[in-house]
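The sequence and the model are shown first, and the description follows.

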Amino acid sequence: MFLPKSHDAHTPVDYRPISLLATEYKLLARIMARRLRPIMEDHLRSSQFCAVRGYSILDAVATARDAITYTEVTGTLLCVLTLDFESAFDRISHRYMFDILRRYGISRWFVDRIRTLYDGSLASVQINGTLKGHIPIHCAVRQGCPLSIVMYALCLHPLLRTLENSLPGIHIRGTARSSAVVAYADDVTVLVIQSDDFDTILQSRSLSDTPIRTIQSQLEAL
């Protein structure tokens, strides 16, 4: 099913795909998402504020606001850079997703249970009321699925971790942490305080094109 993103929708990119899922599927996906909560809390708490228990979008806004206020008070130069991932949920490779789950130490049995929710997925195109074609789906997480936001956050984390380790960020006196990246799902805000940071961010983009084995060292350091 497709929903228009605006009132002036004329092309396919103007529509947002929404998956219509059976109740049994949603119950199973919700159970799996809850089983992954400990991993989310252990690994994603530093920069990802979505799908992590104890955090909300208000915490993400407050973190960015505190960093901006601190730089204003101290006279520190700051550039707030917002990253926009085009069709973010639609471009998650299933192969990458399953491999990255194993790198978090999730058992092969549990990963295989998640894989069964995606393997063999097909899409059809409705033309004049008739369904045509069976298109295999090898990427994307389903919008409307309780498990999707968890999958996306775990897949995005290696990039956030790379930026955290490479950028100095903003260290507010009296606190134990530095803020370099603030993310809520696919909305990522990077706090840049020096010109060299832009080169670091551009180099980090290559992470998405890097073989999965080179990402393992990032996750093992968590």
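Among the contacts in the protein with a separation of 6 or more, 66% are accounted for by residues 24 or more positions apart. The model is a predicted one. Its secondary structure comprises eight helices and nine strands. The protein has 222 residues, of which 36% count as buried.

**Helix 4 and helix 6**

Helix 4, formed by residues 94–103, packs against helix 6, formed by residues 148–166, at an angle of about 75°. The axes of the two helices are 10 Å apart. Angles of 65 to 115 degrees count as roughly perpendicular, and helix 4 is therefore roughly perpendicular to helix 6. On the side of helix 4, the contact involves Tyr96, Met97, Ile100 and Leu101; on the side of helix 6, it involves Met151, Leu154, Cys155 and Pro158. The residues of this contact comprise eight nonpolar, no polar and no charged.

**Aromatic pairs**

The count of aromatic pairs comes to three. One of them joins phenylalanine 49 and tyrosine 55 in a tilted arrangement, with 4.7 Å from centre to centre and 35° between the planes. Another is formed by phenylalanine 98 and tyrosine 118, whose ring centres are 6.2 Å apart and whose planes stand at 70°. Planes over 60 degrees apart count as edge-to-face, so the pair of phenylalanine 98 and tyrosine 118 is edge-to-face.

Phenylalanine 98 belongs to helix 4, whereas tyrosine 118 lies in the loop between helix 5 (108–115) and strand 4 (122–127). The pair therefore ties together parts that are 20 residues apart in sequence.

The table gives the accessibility of the residues in these two pairs.

| Residue | Relative accessible area | Class |
|---|---|---|
| Phenylalanine 49 | 2% | buried |
| Tyrosine 55 | 23% | partly exposed |
| Phenylalanine 98 | 3% | buried |
| Tyrosine 118 | 2% | buried |

Buried means under 20% relative accessible area; with its value of 23%, tyrosine 55 is therefore partly exposed.

**Arginines over the rings**

Which residue lies over the face of phenylalanine 98? It is arginine 115, at 4.4 Å from the ring centre.

Definitions and conventions: Residues are numbered from 1 along each chain as its sequence is written. This is a predicted model: local features need pLDDT of at least 70, side-chain atom pairs count only at pLDDT 80 or more; totals for chains, interfaces and linings use all residues. Side-chain values use heavy atoms; hydrogens and water are left out. Axes are lines fitted to C-alpha atoms, for helices over the stretch in contact, and angles run from 0 to 180 degrees between N-to-C directions. Helices (H or I, at least four residues) and strands (E, at least two) are DSSP runs, numbered from the N terminus. Angles under 35 degrees count as roughly parallel, over 145 as roughly antiparallel, 65 to 115 as roughly perpendicular and the rest as oblique. Contact means heavy atoms within 4.5 Å. Ala, Val, Leu, Ile, Met, Phe, Trp, Tyr, Cys and Pro count as nonpolar, Asp, Glu, Lys and Arg as charged, and the others, Gly among them, as polar. Rings of Phe, Tyr and Trp (its six-membered ring) pair if their centres lie within 6.5 Å; planes under 30 degrees apart count as stacked, over 60 as edge-to-face and the rest as tilted. Buried means under 20% relative accessible area, exposed over 50%, partly exposed in between (1.4 Å probe, protein chains only). A charge sits over a ring if NZ of Lys or CZ of Arg is within 6 Å of the ring centre and within 35 degrees of the ring normal.
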